[in-house]
Amino acid sequence: MIYLDNNATTKVDEKVLNEMLPYLRDEYANASSMYSFASKPAKALQEARAQIRDFVGAKDEKEIYFTSCGSESANTAIKGVVNCNKEKRHLITTKIEHPCVLNTYKELEKQGYEVDYIGVNAQGDLNISELTEKLRKDTALVSVMWANNETGVINPVEEIAEIIKSRSPQTKFFVDGVQSAGKIQMNVKDTKIDLLGISGHKFHAPKGVGALYVNSSTRLTSLINGGHQERGLRAGTENVPYIVGMGKAATLASDALEYELKEVKRLRDKLENGILRNVYNSRLNANLLNRVPNTTNIGFEYVEGELILLHLSDLGICASSGSACTSGSLEPSHVLRAMGVPFTALHGSIRFSLSRFTTEKEVDFVIEKMPEIMDKLTKISPFQDELKKLREIKKGE
């Protein structure tokens, strides 16, 4: 099995699993309990919070709150800010956000909030001037993802934070950092970002654990009410084994960042260039340079993406037609539509996302098999005249 869908989820690192096992098996006490048996889980929780603090570059571990996933982090941030600023009825986000942000904003629209959705260009780069123009005194919150989950394109969130605070100092800024965590350097203390969400299973921790950074000047209401856990912001018994795993995964990801930026990028570029060179109806759907190092999104014109994925799966290759959270939808990607990707490639676009566990042999195998798959699929495509023209253009290049 060749796994190239690491933006959907990642394998749990063996070192992470080993770090978790004592808290699943032996040190199972509730970290909030008063007896000495709970001291080790409580200390492990404290250590993991410090690890996540260092991972995102926060000033203080008190700015880190544990959640169940990136979606909960986003909902906590967005709804928490809005509920603390009810007099402000204007919100801003982008057309390419993850569904956990977009659907939360749509729900707020139903409640009477006014939302502006900022567009992108054909390479997936955000229209910064449009965002700047839309900022108002009654803008409660701006939400922009650090890196897009489908294309890997990086948004200049540090610059956006500066723009927001210079024009509307009281406006809060939430960044979805789920796809940037472990792939690029993040130092929120050096920015004017107010809130940042991450999810452990995107960087080799288990599914079911995430974190939310909230700077000390930002107030939130609770999304989950109950006990005193997470300093009253997020009730519920802490999931110590998974939190410990995420802390360990964060440390490993930080240690492997140079490898990610060099070797994973090299393998990504090799895969990308091999496909674009050898498959005549392929095109790149993203900014060539401004991406996280592990992601490529390639459109195959006049071929259905579902058929490509099925043929890849038959060979033991796992890839995606977009976000795992929308893979059950028959609608084409909202991200690619926002970019204006031609209809001829919209339904035939495939995301390949690598990790530090991806090997050269795996990449070579996919490069070898993609032309064979495409040869089969183009032969049954009803667009033979259009494909013939593409083939001639490729030969001319």
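**View 1. The buried pair D5 and R351.** D5 is buried, and R351 is buried as well; buried denotes under 20% relative accessible area, exposed over 50%, and partly exposed in between (1.4 Å probe, protein chains only). Their side chains meet in a salt bridge with an N to O distance of 3.0 Å, a salt bridge being a side-chain nitrogen of Lys or Arg within 4 Å of a carboxyl oxygen of Asp or Glu. The pair links distant parts of the chain, 346 residues apart: D5 belongs to the loop between β1 (2–3) and α1, and R351 to strand β12 (residues 349–353). Helices (H or I, at least four residues) and strands (E, at least two) are DSSP runs, numbered from the N terminus.

This is a predicted model, in which local features need pLDDT of at least 70 and side-chain atom pairs count only at pLDDT 80 or more, while totals for chains, interfaces and linings use all residues. Residues are numbered from 1 along each chain as its sequence is written, and side-chain values use heavy atoms, with hydrogens and water left out.

**View 2. The buried pair D13 and R356.** A salt bridge joins the side chains of D13 and R356 (3.0 Å, N to O). Distant parts of the chain, 343 residues apart, are linked by this pair: D13 is in the loop between β1 and α1, and R356 is in the loop between β12 and α12 (360–379). Both D13 and R356 are buried.

**View 3. The salt bridge of E360 and K270.** The closest N and O atoms of E360 and K270 are 2.7 Å apart in this salt bridge. Because E360 lies in helix α12 and K270 in helix α8 (residues 257–278), the pair ties together parts that are 90 residues apart in sequence. E360 is partly exposed at 30% relative accessibility, and K270 is partly exposed with a relative accessible area of 29%. A network of salt bridges links E263, R266, K270, E360 and D364. The whole structure holds 23 salt bridges.

**View 4. The nonpolar cores.** The largest nonpolar core has 60 residues, and F173 and I198 have the most contacts inside it. Helix α7 (residues 240–255) supplies the largest share of this core, eight residues. Another core, of 26 residues, lies apart from it and includes L4, L267, L271 and F300. A nonpolar core is a set of buried Ala, Val, Leu, Ile, Met, Phe, Trp, Tyr and Cys residues joined through side-chain atoms within 4.5 Å.
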